[in-house]
Amino acid sequence: MNIHEYQGKILFKQAGVKVQDGIHCKTVSDALDAYDKLGTKVVAVKSQIHAGGRGKGTLYDQETDDLVMEGGVKIAFSREEVEKYAENIIGRRLVTKQTGSDGKIVNNLYVEAGCSIAHEYYLALLVDREEKSILIMASTEGGMDIEEVAENTPEAIHKIWTHPIDGLNEKDAVEMAEKLDLEGKSKQELVSMLKSLSRLFVEKDCSMIEINPLVRSDSGEMIALDAKVSFDDNASFRHPWMEEMRDHSEEEEVETRAHDHGLSYVKLDGNIGCLVNGAGLAMASMDVIKLYGGEPANFLDIGGGATRESITTAFGIILEDDNVEGILVNIFGGIIQCDMVARSVIEASNDLGLKVPLVVRFSGTNHVEGKEVLDNCDLDVHTASTLAEGAEKIVYLTRSVE
Ligand code: ADP
Ligand code: MG
C-alpha cells in the first residue's frame, strides 16, 4: 500500500526525521489559509498523487485536455502565486514519467514551507531479500532519476544494511555520512536520521521509504523534502491506522474490491484469466501459461481462507475484464474444498454469463467431488488433472477463439 507525501511526512515527523512545516489542502481556499498559517514568504505548492516525477510533470484540464501548467511542484513567492498554482493543480490531470500517459487526477495538495537548499541527496530504504536485511542506499546525486545514476555512475550509490532485529550499526551510519561528504552538524543529523528511519521502517512494516531529495539546507540541517512510503499489505492487520491512510481514489477500483474480499489481484496485459489459491501456485500457473505460449490477464490469489462469496467475487472480477478470452482455474485443495470452489464458479458464471472457454484443474481436498459438480452442471467446462494439461488446454482454446 502506498501513501501520499504529506502522510509520509507525518510519520517522519513522529519518528524524529526533520521535515519542513506543511499543511494538507483540498481546495484553493485551504491553500491560501495554509500560506497564511505557515507565515513563510516562500512555499512549495505540491501536487499529491501516488507517483513520483511530479516536479517535471505536466498538468492538463480534465475536460478539454488543454495543457494548464508545466510542473506539479511549484515554488510560490507570494499569496497570489499560491492561489494561481493551487487553481492550476487541484482537479487537474497530472502526467509524469511514472503515471503513464493517462496521468492521475490531483485531489490533494500540500503547501510546505520553502527550503533553501545547499545540496540534494538521494536516500532509500528497501527490503533486501537476498541479504535478509534492510538495505539503505544513498547518493550525493539526489533530485534526479536514480535509475540513471545507477546506470551511468553506480559507484555514486553507497549501500549499508540495517538488521531488522539488531537495528542499525552506528559505525555503518557514520561511514555512510562520510561517503556523502557530510561534516559536523549535517553528519550528526544524517546518522540520527538513518537510525530513526531504520526504526520506522521496521515498526511500521514498510516495504520502501524513498526520500528524493533529502537535502542539506543552507544552515546545515538534513531535511526530508520528499517522502515516498509504502507498506507491506500482509502486515496491515497489525496496523489499524493504515486503513485510514489508504486513499481509495488512488487505487484501481477492482483492486480495492478484491482487497476488501481478501483477494490479491493484479491486472496484467494478457488474455487468460487465472483464479488460483496461493501466491506461489498463482505465480507457477502464470509461468506455465507463458510456457505454452499464452499471456495471463491477471494475477489472482484467492488465499487460504477463501469463501463462496470471495470466490464468486474473484470469478466476477475476471469475467468483467474485456481482455479475458479464456479462464484457467487452478486449485490445490487444502483447507479449501474443491467442490465449494466448483459451486462458486458455477454461481458466478450463471450470474454474470460465461462467454469464454473455462478450464478447471482441481487437486487435493474433495477434488473428485469438485469434478463431479462440474461434470453435472450446464456450463461448458473443460477439466484437467495437471497444471501443465490445464495450461496447454486453455492456451489452445483461446487460440481457436481468434
Ligand atoms: P517529485 O519527486 O515528485 O518531483 P519532489 O517532492 O521531489 O517531487 O519535488 C521536486 C523538487 O522540488 C525537489 O527536487 C526540490 O528541488 C523542490 N522542492 C520540493 N519541496 C520543496 C520545498 N519545500 N522547498 C524548496 N524546494 C522544494
Ligand atoms: Mg522527489
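Here are some questions and answers on this predicted model. Residues are numbered from 1 along each chain as its sequence is written, while chains are lettered from A and ligands numbered from 1 in the order in which they are written. Local features need pLDDT of at least 70, side-chain atom pairs count only at pLDDT 80 or more, totals for chains, interfaces and linings use all residues, and side-chain values use heavy atoms, with hydrogens and water left out.

Q: How many helices and strands does the secondary structure of the chain come to?
A: Let's start with the definition: helices (H or I, at least four residues) and strands (E, at least two) are DSSP runs, numbered from the N terminus. On that basis the chain comes to 13 helices and 20 strands.

Q: Which residues are the protein donors of the magnesium ion (ligand 2)?
A: Donors are N, O and S atoms within 2.8 Å of the metal (3.2 Å for Na, K and Ca), and water is not among the atoms, so sites may look incomplete. Two protein donors lie 2.1 Å from the ion: Asn-212 (O) and Asp-226 (OD).

Q: Where do Asn-212 and Asp-226 lie, and how many residues apart in sequence are the parts that the pair ties together?
A: Asn-212 lies in strand E12 (residues 206-217), and Asp-226 in the loop between strand E13 (222-224) and strand E14 (228-231). The pair therefore ties together parts whose separation in sequence is 14 residues.

Q: Are Asn-212 and Asp-226 buried or exposed?
A: The cut-offs use relative accessible area: under 20% is buried, over 50% exposed, and in between partly exposed (1.4 Å probe, protein chains only). By this scale, both Asn-212 and Asp-226 are buried.

Q: Which peptide bond is cis?
A: A handy reminder: most peptide bonds are trans. Pro-213 has its place in strand E12. With omega near 10 degrees, the cis bond is the one from Asn-212 to Pro-213.

Q: Which residues are closest to the centre of the largest pocket?
A: A pocket is found on a 1 Å grid over the protein atoms alone, as an open set of points where a 1.4 Å probe fits, with protein on both sides within 12 Å along at least five of seven lines; lining residues have an atom within 4 Å of a point. Of the 46 residues that line the largest pocket, the closest to its centre are Gly-53, Arg-54, Gly-55, Asn-212 and Asp-226.

Q: Which strand gives the most to the lining of the largest pocket?
A: Several elements each supply at least two residues of this lining, among them strand E5 (73-76), strand E8 (108-113) and helix H4 (146-152). With four residues, the one that gives the most is E2.

Q: Is Asp-321 buried or exposed?
A: Asp-321 sits in the loop between helix H10 (308-320) and strand E18 (326-333). Taking contact as heavy atoms within 4.5 Å, Asp-321 touches Tyr-265, Lys-267 and Ala-297, not counting residues up to four places away in sequence. Its relative accessibility is 11%, so Asp-321 counts as buried.

Q: Is Lys-132 buried or exposed?
A: Lys-132 is placed in the loop between E9 and strand E10 (133-139), and it has a positive phi of about 50 degrees although it is not a glycine. Because its relative accessibility is 68%, Lys-132 counts as exposed.
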